[in-house]
Amino acid sequence: MESAEIDVKKRLLLAAKKLFARYGYDGTSIRQICEEAGANVALVSYHFGGKENIFKALFDFSLPLRVVDDLFAEPLDPVEGVKLMIREVIHYQHRDPELVRIIQHEMTHSVPRTEVIREYLSPIWELARSLLEEGRKQGAFRFRSLDTTFLYIWGGLLFPRDFALFEPVLTEPAPTMEQKIEDLTGFVLGALACEAERGVTGMW
């Protein structure tokens, strides 16, 4: 593909991500995306075939699933795997807050595009579940329900402090990225009754 075509596709994707994050998918028109990108309206259809396809292309463009595959290519100790997963998710939230806001919005509105999000996030969810299940088998974690535990942990990752719903009752300064990682890792491993981690750190 010619470099000019690559450039306009990238500009359209970045414009769509910015506007979907700010106004939602339904609140953004193709014309607005093209105006933001400085591109002709016809180019969305030419490059993507419409707004639905540009939404899906955002995930191909933005989600580092190959990095996840590389990080977890070799079997990991479940405790270290959970810690690494938390760190990588929070790092990604800081790198690409716009896509995170899009995911948050779409998943809380039960729209047809939720299936697109599931398609891209399912490998990460399956990884999280396998780490939890293996940790329970090894005796590193203790919990009753795998489903409930997974949902609570992923809810904490997907809806962090900057989810505006709770803002009126928060009084402390926003934590740094490293503080978020430390706090959430502590809560998760504590909730999992991780004896090895408790003995090493004395956090709980």
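Start by selecting Asp96, which sits in the loop between H6 and H7. Helices here are DSSP runs of H or I with at least four residues, strands are runs of E with at least two, and both are numbered from the N terminus. You're looking at a predicted model, where local features need pLDDT of at least 70, side-chain atom pairs count only at pLDDT 80 or more, and totals for chains, interfaces and linings use all residues. Residue numbers run from 1 along each chain as its sequence is written, and side-chain values use heavy atoms, with hydrogens and water left out.

Is Asp96 buried or exposed? At 8% relative accessibility, Asp96 counts as buried. (Buried means under 20% relative accessible area, exposed means over 50%, and partly exposed is in between, using a 1.4 Å probe and protein chains only.)

The side chains of Asp96 and Lys17 make a polar contact at 3.0 Å. A polar contact is a pair of N or O atoms within 3.5 Å; within protein, one must be able to donate a hydrogen and the other to accept it, and residues adjacent in sequence count only if both atoms are side-chain atoms. Leaving aside neighbours within four places in sequence, Asp96 is in contact with Lys17 and Ser62, where contact means heavy atoms within 4.5 Å.

Ser62 is the next stop. Find it in helix H4, which covers residues 51–62. Ser62 is buried too, with a relative accessible area of 11%. Its side chain makes a polar contact with the side chain of Lys17, at 3.2 Å. Not counting residues up to four places away in sequence, Ser62 touches Lys17, Tyr92, Asp96 and Leu99.

Leu99 leads you into H7. This helix has 12 residues and reaches 17 Å from its first C-alpha to its last, close to the 16 Å expected at 1.5 Å a residue. (The expected span is 1.5 Å times one less than the number of residues.) Colour Leu99, Val100, Ile102, Ile103, Gln104 and Glu106 to see the buried residues in H7. Just after H7, stop at Ser110, which takes a positive phi of about 50°.

Of the 21 residues that line the second largest pocket, the closest to its centre are Leu63, Glu88, Val89, Tyr92 and Ile124. This pocket has a volume of about 340 Å³. How is a pocket found? On a 1 Å grid over the protein atoms alone, a pocket is an open set of points with protein on both sides within 12 Å along at least five of seven lines, whereas a cavity is a set of points where a 1.4 Å probe fits but cannot get out; lining residues have an atom within 4 Å of a point. Grid points are joined across faces, edges and corners, and the volume is the space filled by probe spheres set on the points.

Which helix gives the most to the lining of this second largest pocket? That's H6, with 6 residues. To show the helices that each supply at least two lining residues, select H5 (65–71), H6 (78–95), H7 (97–108), H8 (114–138) and H9 (146–158).

Next, go to Gly139, in the loop between H8 and H9. Gly139 is partly exposed, with a relative accessible area of 47%. Draw a C-alpha to C-alpha distance from Gly139 to Cys194: they are 55 residues apart in sequence and 8.7 Å apart in space.

Ala193 counts as buried, at 12% relative accessibility. H10 itself (177–191) has 15 residues and reaches 21 Å between its end C-alpha atoms, close to the 21 Å expected. Its buried residues include Ile181, Leu184 and Leu189.

Asn40 is exposed, at 51% relative accessible area. Its side chain reaches the backbone nitrogen of Ala42 at 2.8 Å.

Finally, zoom out. The protein comes to 11 helices and 0 strands, and 41% of its 204 residues count as buried.
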